[in-house]
Amino acid sequence: MASAAEQLAANLNFGAFAKAEALKKRIWFTLGALLVYRLGTYIPLPGINPEALASAFNNQQSGILGLFNMFSGGAVGRMAIFALGIMPYISASIIIQLMTSIVPSLEALKKEGEAGRKVINQYTRYGTVALAIVQAYGIAVGLEGGTNIVIDPGMFFRIATVITLTGGTMFLMWIGEQITSRGIGNGISLIIFAGIVANLPHALIGMLELGRQGALPTWVILAVAVVAVVAIAFIVFMERAQRRLIIQYPKRQVGNRMFQGESSHLPLKLNTSGVIPPIFASSLLLLPATIANFTASSGAPGWLTSTVALLGHGTVLYMLLYAAMIMFFAFFYTAIVFNPTDTADNLKKHGGFIPGIRPGQRTAEYIDYVLTRITLLGAVYLVIVCLLPEALISATHVPFYFGGTSLLIVVNVTMDTVSQVQGHLLAHQYEGLVKKSKLRGKRR
């Protein structure tokens, strides 16, 4: 009987989707925008020798370039016009968020609502341009330092590279904003999601080919599949986990009528920081390897070579530092994006309170206490999800795309997009019910 009810609900959802023309337009717009992004990852920079670039990149995949290549959908390895990807925008957003908790003027803008948010978004765009210019110039200089990678090195190549890569990042930022406003899901997240998913088939085929050749045992392939399925189920469960604080509102009188006090809840996500901690931790740990690869031709210092050896994939020091950095950034980023004092002040302004806790400072302290405890659980969850695939990768040399960070991003974005699709379907069904009720009223 339960299965029949579920089947009926699925049929109703499918029927609602078939009738939701606005939703279908949004989905087609999103797919078209992502297709444009994917095409751009195959348009190379002018003045690049593809063979020399491929040879140089293969020697540096173990560094931070491998991580950025995953997020950019292979554009870094091909040195395409979208090689910088959307990472400068993400970095600028994080920097602006950090500054809003330090600079009083930015903190005041944050509290001004929609108008303040627009100004902060504009500052984020300016920061994106600045970061993109710096990174693009660094890439141009790094390419010129390679062997026969640049056909005609010089200032003209550097200027052309800076303009092209910066323009590519700004175009991706614009596409992301358009997807958010006119499509489905968060545009920036979907762009990163598309880059990772686009390379998954290639990585999967490569792993199966290694199995066919006997280089990779069958049990390893099965273990990877089992770990991936278990990790996805675990991520879905933990990302949906919340700690709900009961919020009570007092009784109120309107005229001669007395209305009963309402009860609500304040949802606190177990993982408030999202995928930021693993990305930051991976970037910092891979930085020494990247520097060593760039300076290999001129002779890397002995201390740098020793550091890279100690921080190799699968080493004990790498795993310990990776776990410690994830824990640190989980607490650090949560403290930035969620302010218990502001939440307590908003509850007090609207007359809400947590039963048994005095409004104001005591409420802020209680929310901070609860948030710290659940953030610890969330940080441990991130460590488990990221270290388990990392250990499997280092032991079996499975392609990099099956890492915990990529799984986190793919699952999170998928869940968010599905939730938005369901929200649009519910809105469409609600509009249909309203129209039907109006027609019945007119007939009567």
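Tutor: Leu 45 is buried, because its relative accessibility is 4% (buried means under 20% relative accessible area, with a 1.4 Å probe and protein chains only). This is a predicted model, in which local features need pLDDT of at least 70, side-chain atom pairs count only at pLDDT 80 or more, and totals for chains, interfaces and linings use all residues. Residues are numbered from 1 along each chain as its sequence is written, and side-chain values use heavy atoms, with hydrogens and water left out.

Student: Where is Leu 45?

Tutor: Leu 45 lies in the loop between α2 (21-40) and α3 (50-58). Helices here are DSSP runs (H or I, at least four residues), numbered from the N terminus.

Student: And what is Leu 45 in contact with, leaving aside its neighbours within four places in sequence?

Tutor: Met 79, Ala 80, Leu 143, Thr 161, Thr 164 and Leu 165; contact means heavy atoms within 4.5 Å. Ala 80 is 35 residues from Leu 45 along the chain, and their C-alpha atoms are separated by 5.4 Å.

Student: New topic. At what angle do α2 and α9 pack?

Tutor: About 170°, with the axes of α2 and helix α9 (residues 155-182) 9 Å apart. Axes are lines fitted to C-alpha atoms, for helices over the stretch in contact, and angles run from 0 to 180 degrees between N-to-C directions. Therefore α2 is roughly antiparallel to α9 (angles over 145 degrees count as that).

Student: Which residues of α2 make the contact?

Tutor: Arg 26, Phe 29, Thr 30, Ala 33, Leu 34, Val 36 and Tyr 37. On the α9 side, the residues include Phe 171 and Arg 182.

Key: Helices (H or I, at least four residues) and strands (E, at least two) are DSSP runs, numbered from the N terminus. Buried means under 20% relative accessible area, exposed over 50%, partly exposed in between (1.4 Å probe, protein chains only). Angles under 35 degrees count as roughly parallel, over 145 as roughly antiparallel, 65 to 115 as roughly perpendicular and the rest as oblique.
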